[in-house]
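Q: Could you walk me through this model feature by feature? I'd like the general idea each time, and then the case at hand.

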Amino acid sequence: CGLAKHPVNLTAPRLGVLLLGDNEIVSSSVIDDSCALPALARLDLHNNAITSLRKESAHRCPRLTELDLSGNPLRELLPGLLEFHHLVGLRMAPHKCSAADLKAIVHKLRHVNTIDGDSEFIYRAYEKEVAHLQ
């Protein structure tokens with residue numbers, strides 16, 4: 001049955017990791033509900049049915065450093081994703097991000113060093129950009 005039909009209302013000020021993968025979650029509002037956790041550092045929402053992120057989500061989880069959205073039918077990541085300023089690791093494959101969206105992720109989310117488990121992603125993105133400018 002999953003969490004698709006059940007509201008998430010958590011109050012746990014010390015919760016650092018929240019694993020909600022494979023729960024048939026269809027709304028990005030669960031991110032808002034889940035991220036009302038001040039110590040949350042890792043949020044795993046893989047293999048659900050989330051299509052977009054709300055811009056407000058990031059402001060509710062100021063310590064979030066790892067976000068797993070892989071396996072979701074993501075259609076619109078920006079501008080919501082760009083508000084997660086402290087992300088270090090991001091999983092979102094398979095994604096339908098345009099080259100412009102990926103460039104925005106690389107430029108705006110300066111702390112991200114791993115995308116989809118690829119720690120060289122950012123390096124290669126900058127390398128391509130530098131080559132383009134020359």
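Q: Is asparagine 47 buried, partly exposed or exposed, and why?

A: Buried means under 20% relative accessible area, exposed over 50%, and partly exposed in between, with a 1.4 Å probe and protein chains only. Asparagine 47 counts as partly exposed because its relative accessibility is 39%. Asparagine 47 lies in the loop between β2 and β3, and its phi is positive, about 55 degrees, although it is not a glycine.

Q: What should I know about the model before going on?

A: It's a predicted model, so to speak of local features we need pLDDT of at least 70, and side-chain atom pairs count only at pLDDT 80 or more, while totals for chains, interfaces and linings use all residues. Residues are numbered from 1 along each chain as its sequence is written, and side-chain values use heavy atoms, with hydrogens and water left out.

Q: How do I read the helix and strand labels?

A: They're DSSP runs numbered from the N terminus: helices are H or I with at least four residues, strands are E with at least two. In the protein chain that comes to three helices and five strands, and along the sequence they follow the pattern β-α-β-β-β-α-β-α.

Q: In what order do the five strands sit in the sheet?

A: Strands of a sheet pair through backbone hydrogen bonds, either parallel or antiparallel. The criterion here is that two strands pair if DSSP finds at least two bridges between them. The five strands form an open sheet in the order β1-β2-β3-β4-β5, and the pairing is parallel. β1 (17–19) and β5 (114–115) are the edge strands, each pairing on one side only.

Q: How many bridges join β3 to β4?

A: Three bridges link β3 (residues 66–68) with β4 (residues 89–91), and the two strands run parallel. Leucine 67, for instance, has leucine 90 in β4 as its bridge partner.

Q: Why does leucine 69 count as buried?

A: Leucine 69 has 0% relative accessibility, so it counts as buried. Leucine 69 is in the loop between β3 and β4.

Q: What does glycine 71 touch?

A: Contact means heavy atoms within 4.5 Å. Not counting residues up to four places away in sequence, glycine 71 touches Asn47, Asn48, Ala93 and Pro94. Glycine 71 is also in the loop between β3 and β4, and counts as partly exposed because its relative accessibility is 29%. Its C-alpha is 8.1 Å from that of alanine 49, 22 residues apart in sequence.

Q: Which residues is alanine 39 in contact with?

A: Leaving aside neighbours within four places in sequence, they're Pro13, Arg14, Leu15, Gly16 and Arg63. Alanine 39 is found in the loop between α1 and β2. The C-alpha atoms of alanine 39 and proline 13 are 6.1 Å apart, and the two residues are 26 apart along the chain.

Q: What lines the largest cavity?

A: Rolling a probe the size of a water molecule over the atoms shows where empty space is left. On a 1 Å grid over the protein atoms alone, a cavity is a set of points where a 1.4 Å probe fits but cannot get out; a pocket is an open set with protein on both sides within 12 Å along at least five of seven lines, and lining residues have an atom within 4 Å of a point. The structure holds one cavity of 30 Å³ or more. Leu74, Arg75, Glu76, Leu77, His95, Lys96 and Cys97 line the largest cavity.

Q: Which strands supply the lining of the second largest pocket?

A: β2 (42–44), β3 and β4 each supply at least two of its residues. The lining has 13 residues, and Glu66, Leu67, Gly89, Leu90 and Arg91 lie nearest the centre of the pocket.

Technical notes:
Grid points are joined across faces, edges and corners, and a volume is the space filled by probe spheres set on the points.
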